[in-house]
Amino acid sequence: MAGFLKVLFRNLLQGPSTDPFPLVPETFTPDRLRGKVVINQDLCMGCGICSYVCVAGAINIEKREDGHTITVWHNSCCRCAACRQYCPMHAISLEPNWHSAHAEADKYKVIEQKTIAYEPCSVCGKMIRPVPEATLKKLYVHNDDVDLNHVRSLCPSCRQLEDARRSAGLPPAAEKKAVE
Amino acid sequence: MSISTYTMPLGPVHVALEEPVYFHLTVEGENIKNVELTSGHVHRGMERMAMQRTLVKNVTLTERVCSLCSNSHSFTYSMVVENALNLEIPERAKYLRVLAEEIKRIASHLFNLAIQVHIAGFKSFFMHVMEVREIMQDIKETVYGNRMNLAANCIGGVKCDVTDELLEYILKQMDVIEPQLEEIKDIFTNNHIILTRTNGLGILPPEDALALGVCGPTARGSGIVRDVRRDTPYAAYPDLEFDVITEPGCCVHSRAMVRVRELFESVKLIRQCCNKMPKGPVFNHMGKIPYNEAFAHTEAPRGEVAYYIRTNGTDKPARLKWRVPSYMNWKALGVMMRGCQIAEVALVLNSVDPCVSCTER
Amino acid sequence: MQEIIKGHAPLIDALTPLCTGEKAIKHTTDLYGNGYHWFRLDQSSKIKDAARILKGYQARLIMISAYSVTDGPEECKELCYHFDVEGIIYNLTVTQNREWPIVPSITPEFANADWHEREIMELYNIKVTDHPNPKRLFLDEKLDAGLLASAVPLSVMMNGASSKDLWERILSEKEQQR
């Protein structure tokens, strides 16, 4: 019995180990805590892999002619981080925010929503999601001579033609705007 | 007055953990003659749900079969899919999987031990064991981001890479927890209250344990050397050094002592994982899904978890079936409780570390 | 290159005569070199003989998996029995169809087959004969066996499932806010 009395006495001196939340402003929250999902609109391409791997069906992507809207309903999200794992653009992160209490009336309002606007291709005019700058820099890291701003404004097929022209030593295609 | 038998209903709320299951105890005075149980209150049809979801989604679904062995489910499920797809996993992922599994094992064993002393009426010690378990809970939250569902595994490897700083942190916490585990071991071995309540109670003779196919600490507490980590080596276990703990007592106390001593084996495994962690990628992408069937099993904290899968060339499994350790261990209660008194039912029940939500899926 | 797969040769030899069909036996291994042996028995009644053979090798029954085969020539149900002998897994498959509708119970040989067989009876509506205690395991006695195959999931009934309707509600709420 003496063995435990020692433990008991030590614990008594130590005092309570629980935080009296919400009377204290914050409690133990490590940086890697899997909290609310956040979408980086600069990176999201709208490919939909996140909603394919989401077991809870918490991610919805609505595609329109002029852009796409990605919505995460926090009330369905089970914070398994599968979307973060499979997103090829690393556009999804889980921030250490676990505050999720809300009124019943507001239940459909607890969402993370980002709308990404598309722009017309500078050559053919087709509406496209411009490739994020950071990705372009990675893709063309060995091509210093390429004008990234110009490439960024091209749709995939025009970009392919452009790359072929460059390989063949031809000058870049005239931009549509310039022709007009 | 002659002694008559009486059937006593117990439940539906689980007498050890707050889970629903009915017991029908046939008693003669205070002594139990026979035990039967009625379950099915939390049958959620999860195997069928799994057949309607894609292989990737089922990693998260299976992790939610049970909270205490959540990691073992996603681990074994990922393994069975890898077997069916013939998908190799990177060396680093093997170590990371073992690391997560052993962290969960310490937390799970401590939880069971705490509940045992709680039932024995030793509340202050219950609070202390739970407090020590908080060290493991903090590790899980700091490293993986959640106290229960680690979301560590994925098909082809792991989702959660652990940085060198965090490996350092885990090693430091192991140094903090080890002396406290020694203290717990000492109290479990020598404390008068624990010994009087549990020693020699709920006997499961080795021959019954073999016949009923029990697994995990329930089998090892009856002196049976059975550990999937040793018998069917998987992940990084073949490269790591650990002992399979057995106790000859066959009683509630020896099952508890198996868990107490396994805590130190897990600490040993965690230290080895942190020190030997290979560098490199943490997951491989899935290839083409063939027509195939596969089987995999692992040692969860409560015993053996087994998965069987049939794939049919689509991204959804044609059949996914799993069996949890509790499913095998419930039957042993009939043997253990024979001759026990009513007041001892909860202690015997807790000694097999039962899980209703696991059993019924 | 022929890989060596771990197994017990006498046990495999004893089980082989029960499986005479084409491709009825296969041997596989996992990434860690563990052996898995797969046997497809000729008739469902042969599981009894196989169980007796395995019992002689101190096998342990791990699990019985039942499943429906819907993409074969004939719709049928199959049972796969998973046994462990010293860490090596022996999987025995039997088919339950119109020709062989009966599966004998192996509970007399392996006591822990009890729950598995009861679960299979009620969830898959497969007749297991000579079961010593054929009571319901999960389902109430009043419900028909195999009922859950046609039941409506609770999550659908309670609108908990992620449906088109749910997303319309979430997205329209947002528009009202604007």
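Me: Which hand does the crossing of helix 5 of chain B and helix 6 of chain B have?
Reply: The crossing is left-handed, meaning the near helix is turned anticlockwise from the far one by less than a right angle. Bear in mind that this is a predicted model, where local features need pLDDT of at least 70, side-chain atom pairs count only at pLDDT 80 or more, and totals for chains, interfaces and linings use all residues. Residues are numbered from 1 along each chain as its sequence is written, while chains are lettered from A and ligands numbered from 1 in the order in which they are written.

Me: At what angle do the axes of those two helices in chain B cross?
Reply: Roughly 165°, and the axes come within 11 Å. The helices are therefore roughly antiparallel to each other (over 145 degrees counts as that).

Me: What classes of residue make the contact of helix 5 with helix 6 in chain B?
Reply: There are 13 nonpolar, 3 polar and no charged residues. Nonpolar means Ala, Val, Leu, Ile, Met, Phe, Trp, Tyr, Cys and Pro; charged means Asp, Glu, Lys and Arg; the others, Gly among them, are polar.

Me: Switching topic, how many residues of chain C are in contact with chain A?
Reply: 8 residues of chain C, against 11 residues of chain A (contact is C-beta atoms, placed from the backbone, within 7 Å). The chain C side divides into 3 nonpolar, 2 polar and 3 charged.

Me: Back to helix 5 of chain B: what comes just after the helix?
Reply: Gly145(B), with a positive phi of about 95°.

How values were computed:
Contact = placed C-beta atoms within 7 Å. Axes fitted to C-alpha atoms, helices over the stretch in contact; angles between N-to-C directions. Helix = DSSP H or I, 4+ residues; strand = E, 2+ residues; numbered from the N terminus. Parallel < 35°, antiparallel > 145°, perpendicular 65-115°, else oblique.
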